[in-house]
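This briefing is meant to be read with the sequence and the 3D view open. It begins with the chain as a whole and then turns to selected details.

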Amino acid sequence: MHFSKAGGPLLRHLRPWHAVTAFLVVAAAVAACLVLLPSDSVRSVPNSPCRPVEAASEKPPASPDLDGDGYTDLVHEISRSLKVDVVVVPGSEHGPDHDRTTVLTQDDLGVPDDIQVGDDAWQPTVADLDEDGHADLVVSSAAQILWGGPKGPRADGAHGRVPLPGSGYYTAPIAGDFDGDGHTDLAVHRDANEDRAVVVLKGPFKRSGAPARTAETPSPVSEGATPALVAGDANDDRATDLALYDSPYDPPLLFTGGAPTGSGLSEEAERLPEGENVVFGDFDGDGRQDIAMGRSFVDSYDEADTPHRRGQVTVRYGKEPDKWITMEGGDFEEGFGSRLAAGDFDGDGCDDLAVQLTRKKEAGDARFEVLRGGSEHGLGSKPWRATKRSVPGGEGVDGALIAINDWDGDGRAELALFGEGRWWITDGTDHDEASFPVSPGKDQDS
């Protein structure tokens, strides 16, 4: 699952200074107890461009729909002991159907044994790279492709591999139309000693995995940093822009797509305000994507005490590209903004923002607040909903948001959490729609 639309990458990616040996990614503090802030019913601002709930179901299903049945699938990559598996839970009218869960092993995917894997969660890239009308799956830093078909990518189906120039790749490429020519491209960050670049592989792709052509843009991030990448359209020109974030040495950066360069990305990157994550979403319902950034002030590895202050979410709306609005949230030292995810939970046509609060990123103290989008004021429109979640006996489990998507096709997004070997699906308020084990064949309660 890639996030080249609203709802960018949610998790920290592998960095070169991480140990290569990886562990099973168990990455969320999940639902056991719920604490809701008082709130009114959701109302649109008068003359709101946000669509009413009744019209929300007319929206086409969001990517990724691997099997082409009209429902978004839950797709997740798990690294463990130098091995890579991809778990696919098909969507249905009742949400993710765990009875039909498929686990694609490293051998199924054709991923070589010498790849770099780490102890962070991944969202595999899902995109139609060869333009045959079927979604393809791009996995791991090896950029291995499992080609799609009428029933989705299959272990016994066609494989390919994107030829990445040089070495120093630690994450899977992400998809977007960076030059605005109508073909899906892939972008990935390379860090090999002093050879740092954003590599753009132009579509369409051949079945071997070869791109139409390859171009590079020098990377402005510091040596030894492997930033996460997220794609969106920050300037409403229909060409995909690329944000780089989560480098401990550099501020978040934004490359503008559709530029007259070989890669399609601007030669210079815009420095964004300080923050540790970036997502794109249409929070005010005007049809233009906005940018939200989180800054929790919590040390990435809990090596330093959190400053005695509240965390922040900083937003730039597409209609006011020169203005940044900062909102504080949570309590002092509570880590508001440690992770973000965008999606329309109430089906009104404005994206909402799920914000994680984490006092210690490596200790598993995770809670979530949902900031409602609104047609006039965007984020910060009332109400906010806060949900406190913890895993029984789960102390020490790293807390994380995993994904937001509309898995049951009702026009409202759901939030997926992962922890203690289980998926948890919630509607973003106090309601858990499902809970089931990540591995098939185990208990099937929901």
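Of the 446 residues of the protein chain, 59% count as buried, where buried means under 20% relative accessible area, exposed over 50% and partly exposed in between, with a 1.4 Å probe and protein chains only. The model is a predicted one, in which local features need pLDDT of at least 70 and side-chain atom pairs count only at pLDDT 80 or more, while totals for chains, interfaces and linings use all residues. Residues are numbered from 1 along each chain as its sequence is written, and side-chain values use heavy atoms, with hydrogens and water left out.

**Overall make-up**

- The protein chain holds two helices and 27 strands, these being DSSP runs numbered from the N terminus (helices H or I, at least four residues; strands E, at least two).
- Among contacts in the protein chain with a separation of 6 or more, 55% join residues 24 or more positions apart, a contact being heavy atoms within 4.5 Å.
- The protein chain exposes about 17,200 Å², of which carbon and sulfur atoms supply 47%, the areas coming from the Shrake-Rupley method with a 1.4 Å probe.

**Strand 5 and its partners**

- Strand 5 (residues 136-139) points Asp136 and Val138 one way and Leu137 and Val139 the other way, and all are buried.
- Strand 4 (residues 125-127) pairs with strand 5 in the antiparallel sense over three bridges, pairing being assigned if DSSP finds at least two bridges between two strands; here Thr125 stands opposite Val138.
- Strand 6 (residues 144-146) also pairs with strand 5 in the antiparallel sense over three bridges, and Leu137 stands opposite Leu146 in strand 6.
- Four residues lie between strand 5 and strand 6 in the hairpin that they form, and Ser140 in the turn has a positive phi of about 65 degrees.

**The loop at Gly330**

- Gly330 lies in the loop between strand 19 (325-329) and strand 20 (336-343), and is partly exposed, with a relative accessible area of 26%.
- Leaving aside neighbours within four places in sequence, Gly330 is in contact with Arg310, Phe336, Leu357 and Glu369.
- Although Gly330 and Glu369 are 39 residues apart in sequence, their C-alpha atoms are 8.7 Å apart in space.
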